[in-house]
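Biologist: I would like a close look at one part of this model, with its backbone described carefully.

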Amino acid sequence: MASLAGRGKTKIRAPRRGLNGGDVDFDQHWSVLEKAFVEVFTKNASILSFEELYRNAYKIVLKKQGADLYNRTVQFVEKWLSETIRARVVQKLGNLARSNDNLSRSLGTSSERRVAGEGFLAELKLAYSDHKTCMAMVTDVLMYMDRVYCADQRQPSIYNKSMGCFREQILRSRITTDDDMADLLSILNSVILDQVQMDRDGVAIDKHLIKSNVYMLEALYMTEQELEEEKLYLRFFEEQFLQTSAEFYRQEADRLLKETDAGTYCRHAKSRLDEESDRCRSTLSEGTAPKIQAVVEAELIQNRIKALIDMDSGVRYMIDNDKLADLGLVFDLQRRVDAKKAELTRAVQGIVREMGEDIAKAVITAAQAPPAALTAAPEEGEGDKSKAGATRQVNQQTVAALKWAEDTLTLKDRFDKICKDAFLDDQVMSTALTKSMAENINSFPRSSEYISLFIDENMKKGVKNRTEKEVDVTLDKAIVLLRYLQDKDIFETYYKKHLCKRLLLSKSQSLDVEKQMIMRMKIELGNNFTTKLEIMFKDMTLSEELTNNYRKRLADADPKRIDLSVNVLTKMSWPLEAFKANAEDDPDGKVSIIYAPEVERVKNGFESFYASQYTGRKLTWQTNMGDADIKATFAAKSGTNGKPRVHDINCSSYAMLVLLLFNDTTPGATLTLEEIQAKTNIPINALCRNLQSLAVAPKTRFLVKEPMSRDVKPGDRFSFNENFTSKFTRIKVGVVSAGNKVESDKERKETEKKNDDNRSFAIEAAVVRIMKSRKELSHAQLLQQTIEVLSHQFKPDVNMIKKRIESLIEREYLERIEEAAVPSYRYLA
């Protein structure tokens, strides 16, 4: 058999025409060929002469009897397949032929089904393999017929025709004449599907055997045209395979959702996807891989992803318990079926939003809680500068503000880690998380103020004793919060107030860090945002130079002269209202303070010096923003060798003016609240707070109050406390709290009103710039471009823009175009 097949490669010369002459006896030559074909199909081809057989076929075709040879050969193959091969294959069916609809009930156990199925598959594989081998030999013998007759008559080659015979006589043949009985092709499908199901259930199967039968189905076609889409594998097996797989995974998904947790479900789904991909490579056709993947993804993922995400053990549970590996599986499954990750995005955004709301609620609750400690004046001593002395009042709202910022940053860091480890820095998920964080921050009404307070606290305490790298991390955190913020103009208002206090009260730990922060803001928000902030630093530098020059000029003067340090501030750049502890202190800013003579002399001296340096400028003294260092002398006590007790006191300028009044009184003399106010003209609210610090706070009680009570009321009398004692030489007098760092509701409304006024100017300026360049523009386009221009500062209100446009029309900057089809405006130069 092998020798004949091997001889097919030998070059055969066709006999010369008319070699034997006369007519060819077809029956005689066919008898020779038929006997030879029988020997080939019975695997006894070694005794045959290929040259002789070829010559017989050649003569038949040469004498125009190719059609008869073709038909007889086809009939021979059909007869052989139907009478010999089919019987052998059917014999292997056994109980498999009983019920094609439910193969699992045909036999008892999966083991029995597997063995019976493998027997049938092995026999069918052998039959097909032998058929191909035999037909290859027959084709070699009939080579001349293929070249001449089949080509001329456009008939399939004898080999292709024989494959069609195998399809019809074996695969499409029914076992009996019973119409209810399936053909062998249907049984083959059922057997392979059953074997695949057993493989899914963990039963070991012969994958190579199934693969061989799949090769057969891929090689055979529905018709003789042999179109690619008409392969038996595609038309018969694959469709049924995909349908049964869809039903299987549909049921499995329902069962898993009820019986397992979300993480287990994800791992199982991932495992199933890998299994099906491997199964197509090793058992079925690789062309089926994307199709079965789509089926598994549809049934296990796409149709179940919402239920999976919303499970008790779903995405929220994974995030709460840091199960990032499981969360990564959910992400991997979701992106397989949806590039936009809609369900996962929805769930994660909802979780971020919910956590943000929890942070906001906790902050509101903390801000409304009672303070943890009562007010007490702090003091500093030479012996222990690290201790603040008395316990400061715990400002609950300020603590709440800082907690909000820290918790928000912690939330962002947490989801940044989730995005990196679980979502692989996916752009869609990253954008969704950024959007949710921005919504959290901007939905909180005090976010601008709290972010400024967060920076303020870090500038005063947070950067102390930290490395440059740690400082950079702190600054980056602040910029992160600022980047999310929408109303950056409100933030600017608060930041200027806080920066003003830090610079003027020398509260900042490092001016270099302050300047670094300004530089980062300039990079993030632009030059316009930081212009006034930079002017504030410039004023501080110029003030320092001015003070040094003033001191040099007075170097030869009286050494006992009061030393003066002055900060000259540009009025339009500094938010001096930040130092008004109460709006009622000086509502118009026109209170004229009465200074002690020695202070007045120094004040006048500096004004003269300043006038000599600059012309056309007027100084307005902000006494409420200053502080003073004074020496207080107290009578000697027993055991001190008769030496008077001297203390260095640091206090506010108002407190200094109050204490200096008692230099001109006799021992034991008293001054009433009204007298002190008349002698100093200090606003009454500020005066009361300073008197509380000087006469009520136990460790800075330089004055004696009558009657003694916590509050200062009209008619209260004050005298110098000759018996004051303290173990510290240096004492700092803190003003009794004039309010929280966080604005009250009334103060916030005033800030918002001022901010709205500023926004009105900004909107008008933007509209004018746009119209000046465009000359004419429709109403809708003007609104859109105005919003785009201002979006980097704040989110403009459409109604406010409309009002400012009306105002510009009234002032004849713009006019309406009456003849326009849509509402439009024209710029008036």
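In which loop is the place of Lys341?

Modeller: This is a predicted model, in which local features need pLDDT of at least 70 and side-chain atom pairs count only at pLDDT 80 or more, while totals for chains, interfaces and linings use all residues. Residues are numbered from 1 along each chain as its sequence is written, and side-chain values use heavy atoms, with hydrogens and water left out.

Lys341 lies in the loop between α15 (324-337) and α16 (342-368), where helices are DSSP runs of H or I with at least four residues and strands are runs of E with at least two, numbered from the N terminus. Its phi is near 50°, a positive value in a residue other than glycine. Most residues other than glycine have a negative phi, and most peptide bonds are trans. Lys341 is also buried, with a relative accessible area of 6%; buried means under 20% relative accessible area, exposed over 50%, and partly exposed in between, with a 1.4 Å probe and protein chains only.

Lys775, however, is partly exposed, with a relative accessible area of 47%.

A further backbone feature is the cis peptide bond that joins Glu706 and Pro707, with omega about -10°; Pro707 is placed in the loop between β4 (703-706) and β5 (717-720).

As for the setting, the protein has 30 helices and 9 strands, and 47% of its 829 residues count as buried.
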